[in-house]
Amino acid sequence: MEAAVPQTPAELTVTSPEQMRDLGRSLAKLLRAGDLVLLSGELGAGKTTLTRGLGEGLGVRGAVTSPTFVIARVHPSLGDGPPLVHVDAYRLSGGLDEMEDLDLDVSLPESVVVVEWGEGKVEELTEDRLHVVIHRAVGDTTDEVRHVTVRGLGERWAGAELSVLSA
């Protein structure tokens, strides 16, 4: 199997939590069951806010909050779309072994799985994934500006037009 050509990433600037939620809602329109989304960024960068927008866009039940202490939370669809599985891997240090206990490989085919802090921990689940990196000014907590890079990896994202996110 040939490796997919890396997709040109979408580069965005987000200036408020509302815009981050809007980005999540826009991103949800591109997602379908079986998609894995990795979210990377510093504490307070907006990963959960983005996921909240994803949940709204996917039309799932329940308030999307950080699952830091429960590790994973499933939000069933209110319609005919896929459920959202929201994982916070921040406290997990064992990589895929620890992640296997969550049975994400079982959930993935019929769900949209979003993993915060998943880098280096869940890539073995699938070659097809969307990687969202959120950068913020470190140290300046009053600055709401975030620089977001959305990169599709694998065959699933080879033809996806991620530039629609910056429209």
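Which helix does Thr51 lie in? I looked this up to get started, and Thr51 lies in helix 2.

**Ground rules**

I am working with a predicted model, where local features need pLDDT of at least 70, side-chain atom pairs count only at pLDDT 80 or more, and totals for chains, interfaces and linings use all residues. Residues are numbered from 1 along each chain as its sequence is written, and side-chain values use heavy atoms, with hydrogens and water left out.

**Entry: overall layout**

I find 4 helices and 7 strands in the chain. My helices (H or I, at least four residues) and strands (E, at least two) are DSSP runs, numbered from the N terminus. Along the sequence they follow the pattern β-α-β-α-β-β-α-α-β-β-β. Of the 167 residues, 46% count as buried. Here buried means under 20% relative accessible area, exposed means over 50%, and partly exposed is in between, with a 1.4 Å probe and protein chains only. I also looked at contacts (heavy atoms within 4.5 Å). Among those in the chain with a separation of 6 or more, residues 24 or more positions apart account for 65%.

**Entry: Thr51**

Back to my opening residue: is Thr51 buried or exposed? Thr51 counts as buried because its relative accessibility is 0%. Leaving out residues up to four places away in sequence, I see Thr51 touching Leu39, Val64, Leu84, His86, Val114 and Glu116.

**Entry: strand 5**

I find 5 of its 5 residues buried. Val112, Val114 and Glu116 are buried on one side, and Val113 and Val115 are buried on the other.

Next I checked the pairing; two strands pair if DSSP finds at least two bridges between them. Strand 2 and strand 5 run parallel and are joined by 4 bridges, with Val37 having Val114 as its bridge partner in strand 5. Strand 4 (residues 84-88) also runs parallel to strand 5, joined to it by 5 bridges. There, the partner of Leu84 in strand 5 is Val112.

**Entry: nonpolar cores**

I take a nonpolar core as a set of buried Ala, Val, Leu, Ile, Met, Phe, Trp, Tyr and Cys residues joined through side-chain atoms within 4.5 Å. The largest one has 28 residues, and Leu23, Leu130, Val132, Val148 and Val150 have the most contacts inside it. Among the elements that each supply at least two residues of this core are strand 1 (10-14), helix 1 (17-28), strand 6 (129-136) and strand 7 (146-153). Helix 1 provides the largest share of this core, 4 residues.

What does Leu23 touch, not counting residues up to four places away in sequence? I get Leu12, Val14, Leu50, Val148 and Leu165. A second, separate core has 11 residues, including Val85, Leu92, Leu108 and Val122.

**Entry: pockets**

Rolling a probe the size of a water molecule over the atoms shows where empty space is left. On a 1 Å grid over the protein atoms alone, a cavity is a set of points where a 1.4 Å probe fits but cannot get out, while a pocket is an open set with protein on both sides within 12 Å along at least five of seven lines; lining residues have an atom within 4 Å of a point. Grid points are joined across faces, edges and corners, and a volume is the space filled by probe spheres set on the points.

I get about 260 Å³ for the largest pocket. It has 18 lining residues, and Gly44, Ala45, Gly46, Lys47 and Thr48 lie nearest its centre. Helix 2 gives the most to this lining, with 3 residues. By class, I find 6 nonpolar, 7 polar and 5 charged residues in it. Ala, Val, Leu, Ile, Met, Phe, Trp, Tyr, Cys and Pro count as nonpolar, Asp, Glu, Lys and Arg as charged, and the others, Gly among them, as polar.

The second largest pocket has a volume of about 180 Å³. Of its 10 lining residues, Leu12, Val14, Gln19, Leu23 and Leu165 are the closest to its centre. Helix 1 gives the most to this lining, with 4 residues.

**Entry: two loop residues**

Gly59 sits in the loop between helix 2 and strand 3 (72-75). Gly59 and Leu78 are 19 residues apart in sequence, and 5.8 Å apart in space, C-alpha to C-alpha.

Trp117 is in the loop between strand 5 and strand 6. I noted its positive phi of about 60 degrees, although Trp117 is not a glycine. Trp117 counts as partly exposed because its relative accessibility is 23%.
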